[in-house]
Amino acid sequence: MTTTEAVPETRSFEADVAKLLHLMVHSVYSDKDVFLRELISNAADACEKLRYEGLSDPALLGEDGQPRITVTLDPDNRQLAIEDNGIGMSEAEMGEALGTIARSGTKAFMDRIAGAKDAEGSQLIGQFGVGFYSAFMVADKVDVVSRRAGADTAAIWSSDGLGTYTIQPTNLAEAPARGTRVLLHLKEDAASYTESFTIERTIKAQSGHVPVPIFLQEKPDAEPKQIADGAALWTRPKAEITTEEYKDFYRSVAGQYDEPALTLHYRAEGLHEYNVLAFVPETKPFDLFDPDRAGRMKLYVRRVFITDEAQILPRYLRFVRGLVDSADLPLNVSREMIQESPVLAAIQKGVSNRILSELDKLSASDSERYLKIWDNFGAVLKEGLYEDYARREQLLGLARFKTTASGDAWRSLKDYAAGLKENQTAIYYATGSDLGRLASSPQLEGFRARGIEVLLLADQVDSFWVTGMDYEGKPFKSVTQGLADLSLIPLPESETPAADASDAVNGFIAFVKTTLGDAVSDVRVSDRLTESAVCLVAPEHAMDRQLEKLLAGAGRLDATAKPVLEINPRHALIAKLSEAGEGDQALREDAAHLLFDEARIADGELPVDPRAFSARLTRVLGRGL
Ligand code: ADP
Ligand code: MG
């Protein structure tokens with residue numbers, strides 16, 4: 001019988017992977033060290049998965065229960081190997097895990113990296129979980145040899161990262177007894193990754209706190225030396241941990257390259273015991289607005305990693321990174337059952353409360369740092385205002401706003417309440433998509449004249465939480481809705497109060513109303529305008545116009561309410577038009593339509609009928625010449 005050498009099957013990478021590899025190799029020139037962190041983090045993940053599966057199937061662990069990562073240098077052959085004794089991969093799993101990209105965020109990642117500057121590009125890699133492929137930044141060939149725990153076969157995956165890869169079975173003798181070896185054939189300019197000094201320093205800095213011990217072998221046959229102990233940082237006393245250690249740990253647990261803006265490390269005792277080590281990032285993670293809005297907090301039970309899908313925190317705290325290590329959850333609880341566990345519910349409540357109260361403390365002790373956090377994550381935190389009724393007060397206390405009174409500074413509702421005007425019964429706000437445009441809306445004029453502060457809400461989420469909200473007994477009221485009712489609030493002495501509209505003006509208003517007919521629900525005298533001639537507002541009991549626009553834009557509204565056109569009787573143009581008299585019917589008609597279109601344009605909308613608008617504008621301008 002003759003044995004033929006098996007021809008390895010060549011497969012192509014998924015199109016996205018090929019593109020990703022190309023981008024990675026061509027956009028990241030410095031900071032290539034990240035590949036090491038990514039491979040070590042995969043090795044550590046594999047060890048943690050085994051630890052977890054070993055709970056229900058101890059046979060998987062066999063004789064070798066101690067998780068371990070070994071990094072081996074081979075300067076003579078310009079090779080670097082990262083080996084773990086974790087869960088390993090079967091042939092099929094390798095094809096699945098190393099030929100495709102499962103993550104939904106990857107498309108977004110690629111768009112970003114294509115336009116990113118060098119330093120940004122390398123930051124993006126870890127955040128999007130495209131970690132393994134970063135090996136090709138330093139290697140022109142990568143071999144992955146793996147044997148899954150409990151299996152009696154092994155396989156080798158091999159690729160030059162240029163579009164195809166091969167997978168084939170391999171001798172058990174060539175493979176780790178259990179787990180995975182990733183062998184990098186380093187590029188010429190990456191030879192420094194075989195220097196033990198460089199590698200040791202890089203690993204300690206990037207991965208010194210992964211929960212698995214790391215050993216370094218300076219040559220393939222040298223004695224391995226331990227360079228990281230795999231001790232769980234979070235179980236050590238706070239006083240012994242340096243800022244630097246927290247930062248390294250944060251980076252490895254969060255996949256971020258920035259500094260933590262807030263570090264929270266404590267042990268809960270009492271009914272339930274657990275350790276919490278949580279961080280608020282300094283910059284926005286890129287998955288912040290992923291549709292699933294999933295959190296990334298990890299759940300451990302007595303130092304064994306269980307899952308990062310337990311949703312320990314409410315969705316509006318999804319920017320918090322870190323872990324909770326519970327002493328009370330049973331170790332053999334299935335991931336599915338965890339979600340139902342009352343222990344988890346208690347943890348969720350405890351940790352969420354603590355994070356909010358820490359943020360509150362920070363806002364008092366270091367407002368500058370707090371405002372940075374608010375600037376990054378305020379839009380996410382505000383989701384809690386309508387999703388988490390129980391913590392609404394707390395969240396309102398944390399909220400900061402740009403307002404008509406603040407210039408560029410942030411104001412709290414407490415600040416706002418302290419500046420309430422005599423007879424002011426509501427907290428006024430304006431919503432829109434652009435702060436600058438909001439600040440110059442005509443609807444604000446009357447409020448400005450009276451010195452009434454208006455919250456300027458420019459985040460999408462604002463239109464949702466603000467409906468039906470109140471603070472210290474004062475309802476939130478949109479400046480673009482209903483009657484402004486400003487007459488009770490006195491004007492400063494420098495301003496002369498408006499006289500009642502004259503009969504001529506009232507006549508003109510009635511004329512505009514007839515002319516516009518069905519297009520508006522009413523035309524009336526405004527007390528919110530001081531400089532502009534006209535503006536649009538929503539009828540008293542209709543939806544706020546901005547919310548209406550958002551919902552209509554999302555196809556979630558069939559009919560929109562007709563707006564109210566408000567007219568400023570003090571405006572010179574209005575006075576003149578009112579005096580124009582019945583004789584100039586054509587001009588008055590054009591003017592009625594043009595005023596309505598002008599108000600629409602001020603709100604960022606198109607004229608009702610752009611062609612008719614141009615014709616009217618041309619006629620009116622022509623008359624003026
Ligand atoms: P991520 O770690 O975010 O899932 P990676 O690109 O780093 O993304 O890795 C892709 C997948 O490859 C992993 O999810 C895992 O299934 C598999 N993998 C990579 N390295 C190892 C390893 N050392 N042991 C077992 N599986 C691994
Ligand atoms: Mg990874």
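Let's start with one side chain: that of E453 makes a polar contact with the side chain of T403, at 2.7 Å. A polar contact here is a pair of N or O atoms within 3.5 Å; within protein, one must be able to donate a hydrogen and the other to accept it, and residues adjacent in sequence count only if both atoms are side-chain atoms. Keep in mind that this is a predicted model, where local features need pLDDT of at least 70 and side-chain atom pairs count only at pLDDT 80 or more, while totals for chains, interfaces and linings use all residues. Residues are numbered from 1 along each chain as its sequence is written, chains are lettered from A and ligands numbered from 1 in the order in which they are written, and side-chain values use heavy atoms, leaving out hydrogens and water.

You'll find E453 in the loop between α15 (445-449) and β17 (454-457); helices (H or I, at least four residues) and strands (E, at least two) are DSSP runs, numbered from the N terminus. With a relative accessible area of 7%, E453 is buried, meaning under 20% with a 1.4 Å probe, protein chains only.

Now hop over to strand β10 (residues 260-268). Seven of its nine residues are buried, so β10 is largely enclosed by the rest of the structure. Its antiparallel partner is β11 (residues 274-281), joined to β10 by eight bridges; strands pair if DSSP finds at least two bridges between them. Across this pairing, T263 sits opposite F279. Five residues lie between the two strands of the hairpin, where G270 takes a positive phi near 110°.

Stepping back, the protein chain holds 21 helices and 22 strands, and 51% of its 625 residues count as buried.

How values were computed
Buried < 20%, exposed > 50% of the residue type's maximum accessible area, 1.4 Å probe, protein only.
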